[in-house]
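Subject: Structure handover

Hello,

Here is the structure for your files. Notes on what was found in it follow below.

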Amino acid sequence: METGEKQGEGGHGQWCHCGKLARMQTSWTSSNPERRFLVCPKSKGRGEKGCRFFQWFDAEMCERSKSLIPGLLRKIDRVEKENANIRAKSKILWAAMLLSWLVVFAMKMN
């Protein structure tokens, strides 16, 4: 086992320069879509860097994957938004139909 590696903890077993178990994150950039990497657990974002430990966990994707995945993710997002709009419109139509039935029923009772 190399220095900085430990099996069984966190699934990846890589320690950062601070001596803490590195945290795994996922890249969502167009150049590295869905590629996982390890960082210092003290780094909370772009402002705080911790010990500046950084290591790619996944191998780099081929150029075809890099060009296809961002488009597919955008398409999935667009379809999910369309589905949400359809569900909202469906609820409105069901409410309108129920209201119309109540009006017809009330008119028949009079």
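Aspartate 58 sits in the loop between strand 3 and helix 1 (63–109); helices (H or I, at least four residues) and strands (E, at least two) are DSSP runs, numbered from the N terminus. The aspartate 58 side chain makes a polar contact of 2.9 Å with the side chain of arginine 36. A polar contact here is a pair of N or O atoms within 3.5 Å; within protein, one must be able to donate a hydrogen and the other to accept it, and residues adjacent in sequence count only if both atoms are side-chain atoms. Leaving aside residues up to four places away in sequence, aspartate 58 touches Glu34, Arg35 and Arg36, where contact means heavy atoms within 4.5 Å.

This is a predicted model, in which local features need pLDDT of at least 70 and side-chain atom pairs count only at pLDDT 80 or more, while totals for chains, interfaces and linings use all residues. Residues are numbered from 1 along each chain as its sequence is written, and side-chain values use heavy atoms, with hydrogens and water left out.

On the sheet: 3 strands form an open, antiparallel sheet in the order 1-2-3. Strand 1 (23–27) and strand 3 (54–56) are the edge strands, each pairing on one side only; two strands pair if DSSP finds at least two bridges between them. Strand 2 (residues 35–39) pairs with strand 3 in the antiparallel sense over 3 bridges. Valine 39 has phenylalanine 54 in strand 3 as its bridge partner.

Arginine 52 lies in the loop between strand 2 and strand 3 and is exposed, at 62% relative accessible area. Buried means under 20%, exposed over 50%, and partly exposed in between (1.4 Å probe, protein chains only). Arginine 52 is 36 residues from cysteine 16 in sequence, and their C-alpha atoms are 8.5 Å apart.

Cysteine 16 belongs to the largest nonpolar core, whose 5 residues are Cys16, Ala22, Leu38, Cys40 and Phe53. Such a core is a set of buried Ala, Val, Leu, Ile, Met, Phe, Trp, Tyr and Cys residues joined through side-chain atoms within 4.5 Å. Among the contacts of alanine 22 beyond four places in sequence are Cys16, Leu38 and Phe53.

On the cysteines: with a disulfide taken as a pair of cysteine sulfur atoms within 2.5 Å, the count is 0. For cysteine 40, the nearest cysteine sulfur is that of cysteine 51, 3.7 Å away. Cysteine 40 is buried, at 0% relative accessible area, whereas cysteine 62 is partly exposed, at 46%.

Regards
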